[in-house]
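Please examine the structure shown below together with its sequence. A short report on selected features accompanies it.

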Amino acid sequence: MASGKINVSVENIFPLIKKFLYSDHEIFLRELVSNATDATLKLKHLTSIGEAKVEYGNPIIEVKIDKEGKKLHIIDQGLGMTADEVEKYINQIAFSGAEEFLEKYKDSAKDSGVIGHFGLGFYSAFMVASKVEIITKSYKDEPAAHWTCDGSPEFSLVPHDKTDRGSEIILHIAEDSLEFLEEFKIRELLTKYNKFMPIPIKFGTKQEALPKPEDAPEDYKTEYKEVDNIINNPNPAWTKQPVDLSDEDYKKFYHELYPMQFEEPLFNIHLNVDYPFNLTGILYFPKMSADLQMQKDKIQLYQNQVYVTDNVEGIVPEFLGMLKGVIDSPDIPLNVSRSYLQADGNVKKISNYITRKVADKLKSLFNENRADFEQKWNDIKIVLEYGMLSEPKFYEKAGDFVLYPTTNGKYFTLAELKEAITANQTDKNGKLVVLYASNKDAQHSYIDIATAKGYEVLLLDSPIVSHLIQKLEADNENLTFARVDAEHIDKLIQKEETTISKLSDDEQTNLKSVLDAIVPKENYTVQLEPMDSSAAPFMITQPEFMRRMKEMSATGGGGMFGMGNFPDMYNLVVNSNSSLATTILQTEDKSAQEVLVKQALDLAKISQGLLKGEELTAFVKRSFETLK
């Protein structure tokens, strides 16, 4: 029998482990199951290179609850430990067995899947246990050992009569942690952290139907047998090669990751790189909503099939945080922190790789089946537009596949769009004018005017469109964007012919005075424009700069692009060639004149969705009075 003190530099390390080493106590199970997996994979590697002269077999890891005895057991069939190894690996806390193993077998163990880097992982058991036992038998021909520690630096190490290879960790659950003796809790943790561990994990048993005999009578009752309940999938899709997976396999795995997600993903991107870092994974493009925050934190980060976190900020580019899926990299530690991610060079390389891989996949989808890509555009555009704004490397590639749809259902790349509008959409400075609408229904009358004149009108309706067009203008000097209701169309686009006003200069001055006296100055600037008779008599536009700044401020709100508040300012464009302008000018009764102007202004407001509340009530009342 041996006894002694665990060799630690801090005498009272166990309270520190319990309180400070891990912020979340539930990860003790992740650590212990991961260690069991580590021991099993080490044995697999040693048998494969002939160093361990034993039969590897089909080992499993078993987790058992003894509720009555207040114990939790984690049992593996891995390489086990001798008494000397227990002394070395358990009692010398600073020593990492996995690291030594990797150093010794670094050339042949590259692909063995050994987890490593667990540090004090085993001691996380003391976060929930008042006493911990290890009963272990090495694959070597040496006696089994039994180690016991009650949460102080004191331990005992004695021989044991265990005959089968592997280790059993027994946690005597503390009174303040009895929730970890509940089956539903352990099942929840195993599903969360160990769902895709590379070694089968048994937790309890389940009933499995026996095949029905061929000569079974009509009233045959199905018979069942009890089998091991393996709760994990040791060979998840991301560990396989893309050539070995069908579209159906990818969809099946998507629903395995997200059991409550009923919609199918639009497409997936399989990641697989081994230089200059190791990374595998599958990212899925789901159907997107306009709410960027709702989409976040859906990607799961794993380290050698061990779940780490769903906060992948820093590893995955921010704009791809709205996707779903899995990323697995042994180059990221299990106890990952934001400060580590910001400082680590590998992480930045991973982020850049993922950006490039996604861009390449999108380009290939666009080239292979443009019609299908166009069909999916509305469901993916928010991610791609956000990527153009936030990731310079993605922006460089985006010109090959980012689309700009029109209100009449056509799709252009930016290069195609420039070519389409070169002939007849330029402003007075010779710049190409890209007309766009943000709401097809609300801006219908303005779209109608523009398309009737043969102009292309884009439909750009994502919440970050103002930021996007600002960037596109900055990078394309000969291009300017204007919402279709920013000005009257003839002012936005330079035309060779000009419309002559039917009113004299004095009449225009008088009309302007009448309008200025009635139209609220705090919100509207009155402009007289001679237009053809088919144009609306009154039209409300909003200066592009003011409206765009206001929209950018609104989408910034909580901090993404926050830019302060901008007032609501509009232009009231009055067609001085309309019969209504003449009627207003010639009406001598001031009250009747005021009714005409207010009624026309309210009609213009309705076309922009600006008439609400008391103003709408007054308009309806005034309209009925006019009808009478």
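## Basis of the model

The model is predicted: local features require pLDDT of at least 70, side-chain atom pairs count only at pLDDT 80 or more, and totals for chains, interfaces and linings use all residues. Residues are numbered from 1 along each chain as its sequence is written, and side-chain values use heavy atoms, with hydrogens and water left out.

Five strands form an open sheet in the order 10-11-14-12-13, with mixed pairing. Strand 10 (267–273) and strand 13 (306–309) are the edge strands, each with a single partner strand, so one side of each has no neighbour in the sheet. On average, neighbouring strands of this sheet are turned by 20 degrees against each other, direction ignored. Strands (E, at least two residues) and helices (H or I, at least four residues) are DSSP runs numbered from the N terminus; two strands pair if DSSP finds at least two bridges between them. Axes are lines fitted to C-alpha atoms, for helices over the stretch in contact, and angles run from 0 to 180 degrees between N-to-C directions.

Strand 14 (residues 324–328) is joined to strand 11 (residues 279–285) by five bridges, and these two run antiparallel. Four bridges connect strand 14 to strand 12 (residues 299–303), in a parallel arrangement. Asp 328 of strand 14 stands opposite Thr 280 and is also the bridge partner of Tyr 302. Strands 10 and 11 are antiparallel and share seven bridges; here Asn 272 has Thr 280 in strand 11 as its bridge partner.

## Cover of strand 14

Five of the five residues of strand 14 are buried (under 20% relative accessible area; exposed is over 50%, partly exposed in between, with a 1.4 Å probe and protein chains only). Lys 324, Val 326 and Asp 328 are buried on one side of the strand, and Gly 325 and Ile 327 on the other. Helix 6 (residues 247–257) lies across strand 10, strand 11, strand 12 and strand 14, and runs at about 90 degrees to strand 11.

## Salt bridges

Side chains of opposite charge can pair when their charged atoms come close. With a salt bridge taken as a side-chain nitrogen of Lys or Arg within 4 Å of a carboxyl oxygen of Asp or Glu, the count comes to 25 salt bridges. Glu 31 and Arg 30 form one of these, with an N to O distance of 2.8 Å, and both residues are buried.

The side chains of Glu 85 and Lys 140 meet in a salt bridge at 3.0 Å, N to O. This pair links distant parts of the chain, 55 residues apart: Glu 85 is in helix 3 (residues 83–89), whereas Lys 140 is in the loop between strand 4 (129–137) and strand 5 (144–149). Glu 85 counts as buried because its relative accessibility is 16%, while Lys 140, at 32%, counts as partly exposed.

Lys 202 forms a salt bridge with Asp 228, and their closest N and O atoms are 3.1 Å apart. Lys 202 belongs to strand 8 (residues 201–209) and Asp 228 to strand 9 (residues 224–230), so the pair ties together parts that are 26 residues apart in sequence. Lys 202 is buried at 14% relative accessibility, whereas Asp 228 is partly exposed at 38%. Salt bridges with shared partners also join Glu 26, Glu 179, Lys 185, Glu 188 and Lys 192 into one network.

## Loop residues

Pro 59 is located in the loop between helix 2 (27–48) and strand 2 (61–66). Pro 59 counts as buried because its relative accessibility is 5%. Pro 59 lies 9.6 Å from Gly 166, C-alpha to C-alpha, although the two are 107 residues apart in sequence. Leaving aside residues up to four places away in sequence, Pro 59 touches Thr 40, Gln 77, Ile 199 and Pro 200, where contact means heavy atoms within 4.5 Å.

The loop between strand 12 and strand 13 holds Asn 304 and Gln 305. Asn 304 has a positive phi of about 50 degrees although it is not a glycine; Gln 305, also not a glycine, has a positive phi of about 75 degrees. Asn 304 is buried at 18% relative accessibility, and Gln 305 is buried at 11%.
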